[in-house]
Amino acid sequence: MSKSELKPSVVFEQFAKINEIPRPSKREEKMIEYLKNFGESRGLETKIDEVGNVIIRKAATPGYEDCKTVILQSHMDMVCDCLPELTIDFDKEGITTYIDGEWMRAKGTTLGADDGIGIAMELAILDSNDIEHGPIECVFTRDEETGLTGAFGMKAGFMTGDYLINLDSEDEGEIFVSCAGGRTTTATLDIRRQTAPNGYFFIKGSVKGLIGGHSGDDINKKRANGLKIIARFVYQEMERYDDVHLVRLHGGSLHNAIPRGGYFVLAVPNAIKENIRADWNIFSAEVDEEFHVTDTQMVWRMRSYDPEPVIDDETARRFVYALQAVDNGVYSICQDEALGGMTETSSNLARVETLVDKIEIYTSQRSNVMSNLDNMCNTIAAVFKLAGFKVEHSEGYPAWKMRTNSELQKIVRYTYHKLFQKDPVVRGIHAGLECGLFAERYPNLDMVSFGPTLRDVHTPDERLLIPTVQMVWDHLLLTLKNIPHQS
């Protein structure tokens with residue numbers, strides 16, 4: 001398949017234009033300007049609110065003027081990540097895509113289909129003159145990935161529609177009606193450094209090539225966390241040898257991504273350096289076997305390292321003990337049978353940095369039950385406080401509760417069955433969606449979320465299943481044709 005053969009062409013043409021525009025989270029100014037010019041150049045009412053959200057309104061086509069207003073919503077930012085060997089300036093450069101069978105991928109970077117493909121569908125509708133629909137409000141929020149800044153800052157009244165279709169889901173054939181709330185935690189600890197004794201050898205161990213993935217969608221897939229693996233080995237060696245000193249322990253990137261690798265630097269007596277290498281070889285083989293289904297491409301390395309001041313022993317041990325002990329992964333499963341055994345509560349050890357004078361640790365917690373989110377955050381905080389860290393939680397975002405007797409759910413289920421002669425799966429999602437925040441400011445807004453199939457988002461392996469874009473496009477257009485009249 002060539003790019004010229006992609007269907008629906010109107011959507012993929014818009015997606016290609018979007019991927020030319022740099023739009024890292026919190027730095028979406030070029031995308032905001034593009035959307036503003038897009039709407040105004042077509043004579044459509046276009047507004048930008050105080051935090052940078054964009055809304056473009058399009059009047060109904062003939063015969064649909066008295067239908068209820070539908071809000072189509074996507075976020076304009078993308079997670080920017082690339083392979084270690086690739087050099088790219090995400091503030092200045094766009095995304096280069098290619099076709100791999102039925103999948104679209106990017107060359108060494110995240111693809112930006114989360115949520116660029118949702119934006120593309122909205123722009124294709126705004127640009128059309130042959131799609132039947134009632135009044136539409138296309139909303140583009142900023143900074144969804146790192147802080148939900150747009151959704152948090154949106155004031156009541158910015159949107160005026162009756163129904164909202166969020167186009168930020170990643171499994172075609174699934175209609176999402178609930179999502180998790182979330183909160184990030186930062187733990188910091190001041191450290192003192194000292195010179196290692198004479199006769200010490202410095203050694204660096206690293207692992208990379210893990211699958212990683214989204215800390216919500218993929219947390220239940222039993223994938224390896226690069227930081228937890230590194231911490232396991234360092235803990236093991238500190239317990240085995242009293243005279244091992246820690247210099248560095250690093251890994252991870254974004255709070256909403258499972259770490260795909262990490263590394264440590266140890267100072268060890270010359271007499272035991274070969275023991276450390278032997279332990280590393282045994283450990284790596286054991287971990288490879290543990291994750292032989294999910295993470296088949298782990299790359300393990302160990303080499304000598306230039307001497308540096310080491311972290312004082314008491315602090316280093318408290319730090320490593322905390323990393324060994326802290327919860328990571330699924331904590332509990334939803335009790336509500338309607339949500340089909342979905343993950344309810346989880347935590348992700350997301351990033352660790354050992355700087356010259358302090359240690360910084362970042363985790364993210366999610367839950368579809370807000371009281372359990374509080375409990376999970378307290379559990380994480382307790383581990384780090386016991387180790388002497390200062391702990392702070394972000395404000396977080398609320399869960400989106402399933403709405404009973406939803407008119408919009410009935411419509412999208414009917415239109416899906418009419419198109420494909422089967423029922424969609426209606427369920428919740430453990431990832432966060434902006435719908436939770438919208439529900440606070442617009443309590444009467446009826447919402448659903450759906451989208452084409454994406455895999456390994458937030459990683460350079462992100463890919464979009466091309467045939468599902470046509471399926472979602474057809475479903476969206478038929479849904480717009482079936483929106484009821486105002487009562």
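## Salt bridges and one buried glutamate

At 47% relative accessibility, Lys26 is partly exposed. This value, like the others here, comes from a predicted model. The partner of Lys26 sits in another setting. Asp143 has a relative accessible area of 1%. That is under 20%, so Asp143 counts as buried.

What joins the side chains of Lys26 and Asp143? They meet in a salt bridge, with N to O at 2.7 Å. The pair links distant parts of the chain, 117 residues apart. Lys26 lies in the loop between helix H1 (9-18) and helix H2 (29-41). Asp143 lies in the loop between strand E6 (136-141) and helix H4 (149-153).

Side chains of opposite charge can pair when their charged atoms come close.

How many salt bridges does the structure hold? The count is 32.

| Lys | Partner | Distance (N to O) |
|---|---|---|
| Lys26 | Asp143 | 2.7 Å |
| Lys155 | Glu50 | 3.2 Å |
| Lys481 | Glu132 | 3.1 Å |

Take the pair Lys155 and Glu50, whose side chains form a salt bridge. Glu50 has 68% relative accessibility. That is over 50%, so Glu50 counts as exposed.

Next come Lys481 and Glu132, also joined by a salt bridge. These two are 349 residues apart, in distant parts of the chain. Lys481 belongs to helix H11 (residues 466-481). Glu132 is in the loop between helix H3 (113-126) and E6. Lys481 is partly exposed, at 40% relative accessible area. Glu132 is partly exposed as well, at 36%.

Salt bridges can also join up into a network. Asp218, Lys221, Arg223, Asp456 and Arg463 are linked in this way.

Now turn to Glu174. Is Glu174 buried or exposed? Its relative accessible area is 19%, which is under 20%, so Glu174 is buried. Glu174 is found in strand E8 (residues 174-179). Its side chain makes a polar contact with the side chain of Arg427, at 2.7 Å. Which residues does Glu174 touch beyond its neighbours within four places in sequence? They are Val425, Arg427, Ser449 and Phe450.

Key
Residues are numbered from 1 along each chain as its sequence is written. This is a predicted model: local features need pLDDT of at least 70, side-chain atom pairs count only at pLDDT 80 or more; totals for chains, interfaces and linings use all residues. Side-chain values use heavy atoms; hydrogens and water are left out. Helices (H or I, at least four residues) and strands (E, at least two) are DSSP runs, numbered from the N terminus. Buried means under 20% relative accessible area, exposed over 50%, partly exposed in between (1.4 Å probe, protein chains only). A polar contact is a pair of N or O atoms within 3.5 Å; within protein, one must be able to donate a hydrogen and the other to accept it, and residues adjacent in sequence count only if both atoms are side-chain atoms. Contact means heavy atoms within 4.5 Å. A salt bridge is a side-chain nitrogen of Lys or Arg within 4 Å of a carboxyl oxygen of Asp or Glu.
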